[in-house]
Every structure is written in structure tokens, then in C-alpha cells.
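Here is a short report on one protein chain. Keep the sequence and the 3D view open as you read.

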Amino acid sequence: MILSVHHISKAFLEKQVLSDVTFHLEKGDRAAIVGINGAGKSTLLKIIIGEETPDEGTVAISREATWGYLAQTQNLTTDHTIYEELLTVKKDVVEMEQKLAVDEKLMEKLTGKELEDLVTEYNDLLHRYQQENGYAYKGEITGVLRGLGFAEEEFSQKISTLSGGQKTRVALAKLLLEKPDILMLDEPTNHLDIGSIRWLETYLSNYRGTVLVVSHDRYFLDRTVTKIIEIENCRAIEFPGNYSWYAERKKALREEQRHQYLNNQAQIKHQEEVIAKLRQFNREKSIKRAESREKMLNKMERVEKPIEIRDDMNLTFRPCIRSGRDVMEVRHLSKSFDNKLLFRDISYDIHRGEHVAIIGNNGTGKSTMLKMIMGQVKPDEGAIRFGTNVHIGYYDQEHHVLHDDNTLFEEIADEHPDMNNTEIRSLLASFLFTGEDVFKYIRDLSGGEKGRVSLAKLMLSEANFLILDEPTNHLDMVSKEVLENALNHYEGTVLYVSHDRYFINHTASRILSLTKKLMLDYPGHGGDEAPAKYIGNYDFYLEKSAQVEDSLISQEKKRVNEETGGGYQEETFAPSGKAQETPSDGADSWQRQKEEQKEQRKLANALKKVEDRISVLEKENADIDERMADPAIGTDLPKLEDLQKKKDANDEELSGLYDQWEKLQS
């Protein structure tokens, strides 16, 4: 055991964040901590490294083990360049290299015993140098930097000039080069493009140490971890397997818990109804039966209500009108900033009902292209044309569509004056803003909260063409799944940019790969340049992209129509279709339903007959009691004896009827 977490609890003021959290990791484990925003994931990592102190519990790390930690944000303050900063990790190797060079020069001057001693020392040092991978450390640094998305011309850039995201990538590079026994990463993919994330996945899959990661990137978790530690309602539950396995298992567990709870509640309700009915009969035996059932009910095991997950966000996109088949045409689009070319001569079409994802590395112009479509940025060349009846709804990752000085209520009311107070509050409640939350200012919201407000406004737009720029940024996993479900049921057209490959995999029907080396001829568009086109989800793109990219690059930017004389038929890459499922037999289903209804009617009739008979006998017994209390027959022993016999017979029949009634109720 390399890391052990025992009964950790932590509260901030009166809010409990972690409660009795326990788990352990063995050497070589790859685990992820998952949970909704605010569940305490980052807090748990900080407790493990000693940055936070738990209220209760202990953390034990193997005595000989080293650890490294990457926080979500880094504030590197140094005058080093990027490459120089990474060289500090290899300080011992650099010093050995310098000492070896000095010894080599010195050996040329020494003789005899001094030379022998120096040769022995040199050989020992050389052996250590080789063990530390001394001959390849420069290549290792270069490989890590390139893998994390740094171009070679950036290696000499000063750390002080970098953005926050770039500094985080430098810190991650340093940590990977240090190779600690326990590698702890808090949202390591936040500032990486898809290419860098794929490189990191491969690196971590081959990592010899133990990995503990916090991440909302579900595709990344699928490819890197073998254990999930879920923080829910302050407690930790362990699941073996990757994220997809965990998600399926968690869904099944929730459904099982829900059924157990509902069945338990149904049993309790049934017993309470039986008890109430028995008391309503108001006879000694029925009351005794009721009391007996009450005792049984009090001893019955109560199933706790399952923890409510915030998946009740009511997100439904409904187009106001059906657009024409051709939603958008992009022709010969080009854009540069400060003499830096983003893309040139881009052409593609979007058709009604398509869900198109634009992917590509950072700096390829994905978000810029969306801003051009929205008219926020002007292209250097080219044109964008929309089809008939196209109504656009736009989701901006920076949430510029929101107004910081508005409250949530005002943000909706200003744009939709036709909505009354109740309607606005109901809408915001459906996006998890309740009570006084509606009077929060936009400027005070977290990134995830702003995302939910933007989604609420997008839903109200009733657009038939949704344009989304990184829509899953800052959303927790549950909210991402709600958005995925809403898009999959949306009948309009969607064009979006995203780095979330799991999201792409579950929502895209077509992918445009906006990678610089793929800005080549697009068959079927008169020789215009366009992104590589893949009809399918992200998994299919991964499967086909390598061979397609090789094929495109080999053309060396020659126009396809020129090569084929204009007779080339456009080739699209699409997965093979699924066989049609056999429809269920409607006649059999209808017959089963009729039989079930017939059986229910028989039970209901039998129950009514029993209740009617109980009512008659109870009334007879009440009359008998009244007659036996009459002074006029108080001395007529034969008469009293007959009445008592009749009552005893009624009571005996009632006892059987009570049993029959309880069985029918069940």
C-alpha cells in the first residue's frame, strides 16, 4: 500500500465537505476522484498533500515514496525560459554531465595513481549518469514540451510572459519529468488541446508510478484510470474500472436503490392503509389486528431515500420553425491575425438536422470561425450564407451574452418581457436556481452557474440552428449529461466547438477536423479548401483519421478536381449501418395487457364483496350489542343466548373475512 486515506472529515464553517472518507491505493494504481462541483475533490487532494488539515482522520504515504501535485492554477515566478525551467528538474544530471566533461579534460594531464583514482571516480559517475538517462535527458525535455503543445520556437519564451494556462502546462511538464512515485493531478486537461490530451493519456498509461487524478474529462478517464473514487454526499465509494464502467454501474445502483426505496415506501403505505381500515371497522378484533400490524410496521426495516442528484435540470431545445435543407454555406473563408495565418480558403456546408463538431488543436481558429458566423469577427476573405428560415442561438464560452450587472431574474426578464414573475422563477428553478438564488448578480456566479444561465437563455431562444463554443466548459458531469440528452433529442441543427471528446462521441453525427496539415482540397466543392470530413462520432474519427490524414497529405495540396478532370465523386467516411431491429409483436403485447386488466378487475370485485360483507356483519353485531343491552330482554336468558350465538358466528366469519381482505389488499 503506497497511499492510505483513513476516515477523513472536513467542514468549512457549518458546511460539511467530507465525512469519513476512506480508501487506499497500491503501487501502480491509476485512480480518479469524481463528483459534482463542490463535492470536495480538490479539498481531498489538498488534505493528502498536507496543504489542508482534516478535522478528523489521517493520511499515510509510504515512507520511501515520493509524490508530486499539480494544482488547477499555477503562479510560476521566475526569469527562466520554458526550457531553462524544465532543465531545473534535471539539475543533478546536468551537474554530472559538467563534472564528466571536467574529468575527461583532467585525465589528459594526469598519470599514475592519480589517473587510476580519477578513472575509477569517472566510471562510477558515468554509471550513475547512464542510470539517470543522461544521454537522452535533452530529448526527454523536448518530447514532453512538444507533447504538451509547446512549439520549438516557444522554448525560449520567458515564463513571466506566459498566460495562466501556459504556466500550468509548464508545471505539468516539470512534474512529469520528475516522475514521482505518486502523481496527483487536479484537472490536468483544462489547458490542453485534443492532441496534447491524447499524448498525456499515452504517457500516463505507461507511467510506472501511481496516479491519482481529479478530472471532468470523461474520455480522458476512460483511457487512463482503472479505479473510480466517487465523492457523493461527503462520502467516498470505490468502483473498479474506468469512467464508462462506473457510469453504467452507478446508473444501475441508483435504479436499484430507487426501486428498493419505492417498494419499501409502497409496503409501508399499504400497511398504514390496512391499519387505518382495520381501525375503521372499530371492533375489538379488528383493533387488535391493527395494533399487531402497527408493531410489525414499527419493526420493519426502513430503506433510506436515495441521495438526490441534481439531474433534474429541465433542458429542452425546441425550434420555433423548421429551416430549409441548406442551413449554412461557408465559401473561401480566410483569416489572419497579426500576420499569423489561422486558415485559408475554407469551404463547407451544414445541412438541416446535422450535429457537427469542429475539432482541432489550439490556435487553428475554431472559436474564431464561430465568431465569424455570428458576425463578431470579419473574415479577410470569403463569405458565409444562411439558408431560409434559419434562426440562430449562440452559446459563448466566455459568456459575453450575459450582463454582469443584471441579477439572474433581470437577465431573463429583460430579454423576455412577456414572461411573468412565476414563469421566470419556474424557468430558473428548472436550471437549479431556487429561492434567493434568482437575485444573485451575474458577476458573482461561478463558471458552471453562468453556463446554466446561458443554457436557459439558449433554450428560450427557440432557435433552429444552435452554435455552441465549448458548451461543456465548467459544467459538472451531471450537467454535461443533461446537455447531451437535450441535444440528442433536438430536431434542429447544431454546430459546435469542443475539446470534450466524450461529449463529441455522444452528440456528433459529423466531425470537421480543423487541423493545419489537413487544410487541403475538399472533394466535391470545386477544389475549395476545407476541413477533413468524417461522418460519425469521435471514436470513428480516431479509427479513420490516421489513414485519411496520410492520404490527404500525400496529395501535397493538389486540387482533386484537377487531378480527376472534375469527375471525382465525393468520398465521405462513415461507419457501417446497424441492422434494423425487429419490431416487437404488438398483438402479443395487447393480449397480455388485456389479461392483466381482466385479472385486476377480478381482484377489485372480490375485494369489494369482502368489504361489503364485513360491513353487513359489523352492522349486525352493532345491532346485537344494542339489543343485548336492552333492559326489556335482560332477563330473557334464551333470547340472550341466541343473540350471543349469532354474534359469535359473525365474529368467526369476520375473522376469516379479515384474512381474506388483507390477502386481496396485498
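## Ground rules

This is a predicted model, where local features need pLDDT of at least 70, side-chain atom pairs count only at pLDDT 80 or more, and totals for chains, interfaces and linings use all residues. Residues are numbered from 1 along each chain as its sequence is written, and side-chain values use heavy atoms, with hydrogens and water left out.

Helices (H or I, at least four residues) and strands (E, at least two) are DSSP runs, numbered from the N terminus. Two strands pair if DSSP finds at least two bridges between them. Contact means heavy atoms within 4.5 Å. Axes are lines fitted to C-alpha atoms, for helices over the stretch in contact, and angles run from 0 to 180 degrees between N-to-C directions.

## The three-stranded sheet

Start with the open sheet of three strands. Its order is β2-β1-β4, and its pairing is antiparallel. β2 (15–25) and β4 (56–61) are the edge strands, and each pairs on one side only. From one strand to the next, the twist averages 20 degrees.

Seven bridges link β1 (residues 3–12) with β2 in the antiparallel sense. Find Lys10: its bridge partner in β2 is Leu18.

## The six-stranded sheet

Another open sheet has six strands, in the order β5-β6-β7-β3-β8-β9, and its pairing is mixed. Which strands sit at the edges? They are β5 (67–70) and β9 (235–240), and each pairs on one side only. The twist here averages 15 degrees from one strand to the next. β8 (residues 227–232) and β9 run antiparallel, joined by six bridges. Ile231 has Ala236 of β9 as its bridge partner.

Helices pack on this sheet too. α1 (residues 41–49) touches β3 (30–34), β5, β6 (182–186), β7 (210–214) and β8. The direction of α1 makes about 145 degrees with that of β6. Helix α9 (residues 243–281) lies across β3, β8 and β9. α9 runs at about 45 degrees to β8.

## A covered helix

Look again at α1. Just after α1 comes Gly50, with a positive phi of about 90 degrees.

## Two helix pairs

Two packed helices are described by the angle between their axes and the distance between the axes. Helix α3 (residues 91–107) packs against helix α4 (residues 112–131) at about 155 degrees, with the axes 10 Å apart. That makes α3 roughly antiparallel to α4. The cut-offs are under 35 degrees for roughly parallel, over 145 for roughly antiparallel, 65 to 115 for roughly perpendicular, and oblique for the rest. The contact includes Val93, Met96 and Leu100 of α3, and Leu115, Leu118 and Tyr122 of α4. By class, this contact of α3 with α4 has 12 nonpolar, no polar and six charged residues. Ala, Val, Leu, Ile, Met, Phe, Trp, Tyr, Cys and Pro count as nonpolar, Asp, Glu, Lys and Arg as charged, and the others, Gly among them, as polar.

Now turn to α12 (408–415) and helix α13 (residues 421–430). α12 and α13 pack at about 120 degrees, with their axes 10 Å apart. α12 and α13 are therefore oblique to each other. On the α12 side, the contact is made by Leu408, Phe409, Ile412 and Ala413. On the α13 side are Asn421, Ile424, Arg425, Leu427 and Leu428. This contact of α12 with α13 has seven nonpolar residues, one polar and one charged.

## Residues in loops

Most residues other than glycine have a negative phi. His399 has a positive phi of about 55 degrees although it is not a glycine. His399 lies in the loop between β14 (392–395) and α12. Is His399 buried or exposed? His399 is buried, with a relative accessible area of 9%. Glu470 also is not a glycine, and has a positive phi of about 50 degrees. Its loop runs between β15 (465–469) and α15 (477–488). Glu470 is buried, at 5% relative accessibility.

Pro319 sits in the loop between α10 (284–299) and β10 (326–337). Pro319 is partly exposed, at 30% relative accessibility. Pro319 and Gly492 are 173 residues apart in sequence and 6.2 Å apart in space, C-alpha to C-alpha.

Methods
Buried < 20%, exposed > 50% of the residue type's maximum accessible area, 1.4 Å probe, protein only.
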